[in-house]
Amino acid sequence: MEPYRVKSVEEIPFLTAEERKDAILKADFNPYKMMASTVTIDLLTDSGCSAMSTKQWSAMMLGDESYAGSASFERYQSAVQDITGYKYVLPTHQGRACEKVLFNALVTEGSVIVNNNHYDTTKTNIALNKGIALDIAMVTDDTVDFPGNMDIDKLKEVLAEKGEQIPLVMITATNNKMRGQPVSMANIKAASSVCKAHGVPFILDGCRFAENSWFIKERENGYGDMTPREIAKEMFSYADGCMISAKKDANSNIGGVLAMNSEDLYERCVPYVIATEGHTTYGGLSGRDLEAVAVGLYEVLDESYLRYRRANLKFFEEELIRQGVPGVFPAGGHAIFLNANKLCPKIPADEFPGLTFAGLLYMESGVRCCDLGRLAFGPDAPDLIRLAVPRRVYTTEHLKYVARMIAQVTEKNKDRKSGLIMTKSPPHLKHLTASFKMKEEL
Ligand code: F0G
């Protein structure tokens, strides 16, 4: 059960079917263009929409809004140092700002950045610096213990071939593009030693570092008796630095962390933080935001919280399996992914079966989710729909409702033959910005 009780509630909107149809048409069938006031259960992302705790809210009242050297920064810095073990700490307003700063500092034309899988903003930030993002995740299925792992042989190969062009190697844990699946400690350790041998900095994208730590505790030999905090500390110890979106595993509504051991790397990042985020002791955040992150970083590693978080996702997964929904199971840490080709098998691949299903689900139920397949990651990616679960927000009753609605929409549309047509196709981040219309009248 949830290791907390409810103190404050937020009403959720209930619309009529007619109003929902109107809302999705106005949003051009792109869930990212919808107004939240038209959404009943919002599973678009797990980012920035966590419920904060009483301790976080009360810490916010202590926010010191001094321009430089605030007491809030000291508390934020000390939490980051304590949890990650890194010496140098730069706040940013969110994860992608860490990417921008780090890549501005390290990436030049033709640089190759290697990662198990780059998240879409990571890849875009590399492209905007004229670099190349190379994904070398292990090719496996989701039934192995750590489907998020990097292919270490491939890493060795790439470093041997292109070492000169590689200013840094990253590992994303959990691996968002790989359906939020975890990366093992052994894999992080192996990547670390290969990078050390080549003298290349190794950076952890730790947006979901706590969830990854929990999987290691559950699944990897030798970690069962360790606390998530000890496991996280060990993960960070193998890398030279990290980027964390505090909007995820810091249970905060905004914030980012860029931390590292190298003074030289820190010095190179500082001008970009100051020029684009703010002074090095606030980085685009108010003092009160820094306070929320400082408290959230500890809360997210709390064992009772992580046990519940895992159980909450597992419950959702089991409900879907019980209803016969074709998902990619076992699921990862923050979301459930469904296989669009199996939900709507008769809709042609070029008519966006995933996004079509997301639109149909919204119209039927008011549930918002997103397509995170070909549209986000290119034509070779599997066509998937993501139902991301915000932290501490929805109860099992909410998730039961979503599972029932998904089953209902799947059944109703199994013979549907037509999907969506893209009417506006911007060059970058299409899944966030493109427009669509139904090929046939609704
Ligand atoms: N890295 C990973 C692995 C992410 O999942 C995200 C964001 C970022 C970096 C960027 O962080 O949003 O704070 O700027 N993922 C969110 C998602 C948006 O919906 O999966 P940010």
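A polar contact is a pair of N or O atoms within 3.5 Å; within protein, one must be able to donate a hydrogen and the other to accept it, and residues adjacent in sequence count only if both atoms are side-chain atoms.

## Basis

This is a predicted model: local features need pLDDT of at least 70, side-chain atom pairs count only at pLDDT 80 or more, and totals for chains, interfaces and linings use all residues. Residues are numbered from 1 along each chain as its sequence is written, and side-chain values use heavy atoms, without hydrogens or water.

## Ligand site

An oxygen atom of the ligand lies 2.9 Å from a side-chain N or O atom of R208. For R386 the corresponding distance is 2.7 Å, and for Y119 it is 3.4 Å. The protein covers 96% of the 470 Å² of accessible area that the ligand has on its own (Shrake-Rupley method, 1.4 Å probe; for residues, only the protein chains shown count as cover).

The shell has 17 residues, and T45, R96, D205, S245 and R386 come nearest (a residue is near if one of its heavy atoms lies within 4 Å). By class, 2 are nonpolar, 8 polar and 7 charged (Ala, Val, Leu, Ile, Met, Phe, Trp, Tyr, Cys and Pro are nonpolar; Asp, Glu, Lys and Arg charged; the others, Gly among them, polar). Helix 4 (residues 95-106) gives the most, with 3 residues (helices are DSSP runs of H or I, at least four residues, and strands of E, at least two, numbered from the N terminus).

## Aromatic pairs

There are 8 aromatic pairs (Phe, Tyr or Trp rings, six-membered for Trp, with centres within 6.5 Å; planes under 30 degrees apart are stacked, over 60 edge-to-face, the rest tilted). Y4 and Y308 have ring centres 5.4 Å apart and planes at 85°, so they pair edge-to-face. Y4 precedes helix 1 (17-26) and Y308 sits in helix 12 (residues 303-322), so the pair ties together parts 304 residues apart in sequence. Ring pairs link Y4, Y305 and Y308 into a cluster.

Y308 is buried at 7% relative accessible area, while Y4 is partly exposed at 31% (buried is under 20%, exposed over 50%, partly exposed in between; 1.4 Å probe, protein chains only).

## Salt bridges

The structure holds 25 salt bridges (a side-chain nitrogen of Lys or Arg within 4 Å of a carboxyl oxygen of Asp or Glu). R75 meets E291 at 2.7 Å, N to O. R75 belongs to helix 3 (residues 71-84) and E291 to helix 11 (residues 287-299), so parts 216 residues apart in sequence are tied together. E291 is buried at 3%; R75 is partly exposed at 36%.

A network of salt bridges links D46, R208, E211, D249, R309 and R391.
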